[in-house]
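Please look through the sequence and the model shown here before reading on. The paragraphs below it lead from the chain as a whole to its sheet and its pockets.

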Amino acid sequence: MQLITSVTQLADIIRQGGVVAYPTEAVWGLGCDPFNHAAVERILKIKDRPESKGLILVAGAEQHLTPWLTSLDKEAAKRLVSINTIPTSWVVPDTSTTPAWVRGAHHSVAIRLSQHQPVQALCQAFGGVLVSTSANPAGLAPALSAQAVADYFGDKIDAIFDAPLGQASQPSQVKDILTGQLFRA
């Protein structure tokens, strides 16, 4: 596992099926290419997380959300690309765009348009959405530093993005894009 500052280098690792840790708005996350089944399985294994729970996706720019925007009405689409004062992951109906190994047991996927510059840069370098799940084994607190990520996972991940953590006080809230129902505050 290596500490890397280059988003280009990190994006190459992700394209090759790698798993990277990166700072999000409030906690460290683990990410990979959501369309690479082996990479997603690797994250689930190192976190000891069941596939049935599903995973959040993160986007760095509105154009990364295009596949999901086309299935939403105008108001829901506006919510998905909105800038929120609290990081918000929106649960979007989905049975065909996102692979089942990301959706889990759901007919939907949670997606967040990140306002955190390091996440935006990483998604931009990769060219699309990434898996975004907290960097912690199941049952333990999310990592709040690169050192905590290294302590949790060591060589089980390929790289840690050497960038600052965001200023949010807690991980993203999770809301239904159609009803506004709050699943996680």
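What follows is a walk through the fold, strand by strand, and then through the open spaces.

This is a predicted model, in which local features need pLDDT of at least 70 and side-chain atom pairs count only at pLDDT 80 or more, while totals for chains, interfaces and linings use all residues. Residues are numbered from 1 along each chain as its sequence is written, and side-chain values use heavy atoms, with hydrogens and water left out.

The secondary structure of the chain comes to seven helices and eleven strands, where helices (H or I, at least four residues) and strands (E, at least two) are DSSP runs numbered from the N terminus. According to UniProt, in an unreviewed entry, the feature "domain: YrdC-like" covers residues 4–185; such positions are given in the numbering used here, feature names are shortened, and annotations may be inferred rather than shown by experiment. Over residues 4–185 the chain is 29% helix and 21% strand, with 32 Å between the end C-alpha atoms.

Along the principal axes, the C-alpha atoms of the chain fill a box of roughly 45 × 30 × 30 Å. The radius of gyration is 15 Å, which agrees with the value near 16 Å that a compact globule of 185 residues would have; it is taken over C-alpha atoms, and the globule rule is 2.2 Å times the number of residues to the power 0.38. Of the 185 residues in the chain, 51% are buried, meaning under 20% relative accessible area, whereas exposed means over 50% and partly exposed lies in between (1.4 Å probe, protein chains only).

Six strands form an open sheet in the order 7-4-6-5-10-11, with mixed pairing; two strands count as paired if DSSP finds at least two bridges between them. Strand 7 (130–131) and strand 11 stand at the edges, and each has a single partner strand, so one side of each is left without a neighbour in the sheet.

Which residues cover the two faces of strand 6? Ser108, Ala110 and Arg112 lie on one side and Val109, Ile111 and Leu113 on the other, and all of them are buried.

With strand 9 (residues 159–161), by contrast, strand 2 pairs in the parallel sense over two bridges. Ala21 has Leu30 of strand 3 as a bridge partner and stands opposite Ile160 in strand 9. Strand 3 also holds Trp28, which counts as buried because its relative accessibility is 4%. Trp28 and Ser134 are 106 residues apart in sequence, yet their C-alpha atoms are 6.0 Å apart in space.

The last topic is empty space. Rolling a probe the size of a water molecule over the atoms shows where empty space is left. On a 1 Å grid over the protein atoms alone, a pocket is an open set of points with protein on both sides within 12 Å along at least five of seven lines, a cavity is a set where a 1.4 Å probe fits but cannot get out, and lining residues have an atom within 4 Å of a point. Grid points are joined across faces, edges and corners, and a volume is the space filled by probe spheres set on the points.

The largest pocket has a volume of about 720 Å³. Of the 36 residues that line this pocket, Arg49, Gly54, Ile56, Val174 and Arg184 are the closest to its centre. Strand 6 gives the most to this lining, with four residues. The second largest pocket holds about 170 Å³ of space, and among its 17 lining residues Glu25, Asn84, Ile86, Pro87 and Gln115 lie nearest its centre.
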